[in-house]
Amino acid sequence: MNPFLAVAGLVLFVAVMFMLPLVPALVELKRKSDALPLNVVQQNAGEIRHFAGSFRTYIQALEPILQRCVASGETACGTLPDGVEYLALDRCEDPRALPIQQPGAICPVTIAAASDIVVPPETTFVRDIYAGGRFRGGDNNSYRAILGEKDVHLGSFSRLTRWVHAVGDFAADPGCELSGRVSSDSCIRLQGACNFLRLNAPRIETGRVRANEDSIRSNPEDHAVEGSETAQRFLYDGNFEVRAGELITGNIVARGKLHIGSGARIRGSVKSVGDMVLEAGASVQGSVMSGKQMLIGPDCVIHGPIVAEHSLLMTIGTRCGSLSHPTTVSAPRIEVEEGVAVFGTLWAREHGAVVTIP
Amino acid sequence: MIHVLYFIVFVICVYTARHYWFTLNRLFGFQRHPYIDIDTASWPLVTVLVAAHNEEKVISNILSALMTVKYPEDRMLVIPVNDRSTDGTRAIIDEFVTRFPGRIQPFHRAAGKGGKAAALKDAMELVKTEVILIFDADYIPGAGLIKQLVAPFFDPEVGGVMGRVVPLNVGTNLLTRLLDLERTGGYQVDQQARMNLRLVPQHGGTVAGVRLSALREIGGWNDNSLTEDTDLTYRLLLAGWKTAYQNRSECYEEVPETWAVRIKQIMRWAKGHNQAMVTYGLRLLLGKHRATLRERIDGALLLGVYVMAPVTLLGWALALAVFFQGLAPLHGVIALFSLTAYAALGNLAAFFEIAAAARLDGTRPRICLLPFLILGFAVSIFSVSRAALSQVSDLVTGAEFHWDKTERFRKVL
């Protein structure tokens with residue numbers, strides 16, 4: 001073989017091998033099939049009521065039909081502009097008005113009622129439900145989404161996959177599985193053994209909250225401090241303990257574990273990189289942050305945001321935030337005993353559960 | 001000579017391992033986003049500083065965006081820091097002040113030391129709030145961004161906050177597409193992995209925040225620093241304050257569209273970073289302060305990233321020299337292995353990181369552009385090395401650094 005050709009062939013081969021990875025690159029550069037900026041959410045700030053608001057706008061297409069139903073007392077069915085079938089009613093206190101023949105049935109249409117609505121048990125609603133009045137669901141139902149202009153009440157062991165919003169109160173009987181967003185403009189009440197992910201309401205209660213919870217027990221001079229308010233900082237490289245009944249003014253940061261004794265009062269925020277325990281009756285005016293697990297003992301009062309990076313257990317009588325200073329309670333896994341009140345957001349990224357006290 | 005080469009190879013291996021560690025952490029490790037769920041709170045008063053020097057092309061975009069964010073209007077004050085602009089920036093700002101009375105308080109700076117840090121330092125006389133957010137004028141914050149950047153300050157350990165920067169002008173040309181990939185790797189993997197591992201997320205000086213009491217504790221803005229963000233990161237760290245990175249707090253920015261602008265930008269970053277390394281490196285590693293051991297190590301490695309460019313060039317030169325010496329065959333083989341090992345493993349780590357980052361972002365076809373990153377790296381390695389050399393020569397000659405503002409490419413609205 002001619003040495004010149006051999007060298008030329010080798011050079012050509014190497015050049016081809018070198019250029020090979022560039023072929024898809026050149027194609028992409030030319031086609032620009034993935035050249036748009038990363039889709040950053042610019043307008044929707046992640047509000048929990050976003051879907052409910054969109055659905056309310058969407059369902060407005062049925063407003064004239066609902067008014068006719070109210071005037072005539074009859075039902076109407078048809079198809080929305082996007083092809084979704086609907087059933088429009090004035091009110092539905094008799095479940096026989098719904099296109100459901102037997103227990104265990106599937107309701108395939110969007111239901112819109114101008115007034116109150118009661119749905120039978122053991123039914124799966126694969127489309128959204130709109131109630132112009134109160135909504136009352138039977139036991140063992142499955143829902144996709146519900147928008148109620150007044151109260152919404154789900155029966156025992158009901159399941160929710162996307163969202164529910166109640167302009168009035170929202171209540172879930174024992175054993176409900178609330179996998180989506182639950183919001184209310186008034187109050188959310190979850191009974192024992194309910195599971196949840198994201199809740200938002202001016203007031204969230206688990207089980208039966210003691211009647212005098214509204215009048216906060218703490219000292220009148222206590223007020224919610226902003227987590228960012230200038231305060232002296234106490235930084236400890238290891239574990240730290242606040243003794244029972246002690247009053248500390250300032251922010252506490254412990255790089256290890258933090259133990260706040262019973263009845264102790266912190267006029268500031270607290271943070272532990274390790275586990276944190278708040279004993280019974282402790283109060284914190286600012287935020288409470290733990291890099292691992294957090295246990296909040298009975299009757300604690302916390303004004304600022306509560307974040308545990310691994311898990312959180314809140315026990316009976318604890319109160320987080322207030323009507324005038326709502327707050328967020330967040331952790332991947334949250335267990336809340338019955339008798340806890342949260343004002344604002346209760347958000348379990350992976351799993352939240354209301355624990356029944358024997 | 002061979003021992004220097006051994007050392008360089010060792011350092012390269014350390015950085016390579018670091019790339020892999022970060023990437024694997026992002027793919028399989030526990031992800032920390034502790035503050036992102038704080039959506040309900042008594043939101044504190046906040047001041048938003050917008051650094052602007054001849055920004056008529058972009059300033060109206062950011063001011064418009066800030067006027068529509070979902071943060072209580074009476075809790076947020078925007079201060080555009082108009083730093084000696086000679087274009088229409090001042091007029092645009094004043095027009096916004098008229099349109100939104102009480103919500104924007106302009107700071108027009110007519111004279112003084114050049115540079116962003118100096119301008120911010122002067123603007124501090126107007127700041128009364130504990131939480132301060134900082135944006136460069138070419139950024140466009142989304143509706144929920146302010147709350148997301150404020151939320152970490154509820155943590156009393158947090159002194160600084162950094163959000164994620166996302167290029168807006170991605171599709172303009174090859175350079176913008178490469179910069180998009182680099183940013184993706186830097187934020188989606190590097191920064192978030194540092195957050196996950198409780199290392200040292202870097203304050204970027206924009207889409208960022210700082211706690212006023214922390215800033216005062218460390219002595220305020222350092223107007224002698226070429227990169228005030230790196231300087232701030234390390235002074236906060238040494239004082240026991242954490243910088244939190246919020247990967248889901250994304251904000252659009254404009255990346256350079258010409259190589260000349262990119263080279264200037266990266267040279268300034270390199271000089272500032274090297275300056276911080278000289279100032280804080282030894283103290284960080286060996287000094288008595290509040291940083292943990294892992295923060296000391298990671299912080300030192302982060303300080304050294306821009307030195308790696310000239311070090312790598314030196315390594316290549318040494319490897320070739322040792323190989324061609326021919327005096328010690330074993331050494332020659334080792335040198336050759338070193339060179340090829342770096343080409344195979346060192347570069348691959350960075351590629352792997354960027355590909356993983358793009359995958360995490362849910363984008364696929366743009367990963368095809370990875371081979372072109374060699375071009376970007378080549379430009380960076382020589383530019384950064386040039387910056388390091390000029391820094392040394394400036395030190396000898398006593399020349400002063402000239403602040404170069406990054407040119408904007410957006411059309412004037």
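**Exercise 1.** What is the mean pLDDT of chain A, and what share of its residues reach 70 or more?

*Solution.* Start with the kind of model: it is predicted, so local features need pLDDT of at least 70, side-chain atom pairs count only at pLDDT 80 or more, and totals for chains, interfaces and linings use all residues. Residues are numbered from 1 along each chain as its sequence is written, while chains are lettered from A and ligands numbered from 1 in the order in which they are written. pLDDT is the predictor's confidence in each residue, from 0 to 100. For chain A the mean is 89, and 91% of the residues reach 70 or more. Next, look at residues 214–225 of chain A, where pLDDT stays under 50.

**Exercise 2.** Describe the overall build of chain B.

*Solution.* First take the secondary structure: 13 helices and eight strands (DSSP runs, H or I of at least four residues for helices, E of at least two for strands, numbered from the N terminus). Chain B has a radius of gyration, taken over C-alpha atoms, of 22 Å, close to the 22 Å from the globule rule for 413 residues, so it is as compact as a globular protein of that length. That rule is 2.2 Å times the number of residues to the power 0.38. Finally, the C-alpha trace of chain B spans about 75 × 50 × 45 Å along its principal axes.

**Exercise 3.** Follow helix α13 of chain B to its end.

*Solution.* Helix α13(B) covers residues 373–397 and reaches 35 Å from first C-alpha to last, close to the 36 Å expected (1.5 Å times one less than its number of residues). Just after α13(B) comes Gly398(B), with a positive phi of about 80°.

Conventions
Two residues are in contact if their C-beta atoms, placed from the backbone, lie within 7 Å.
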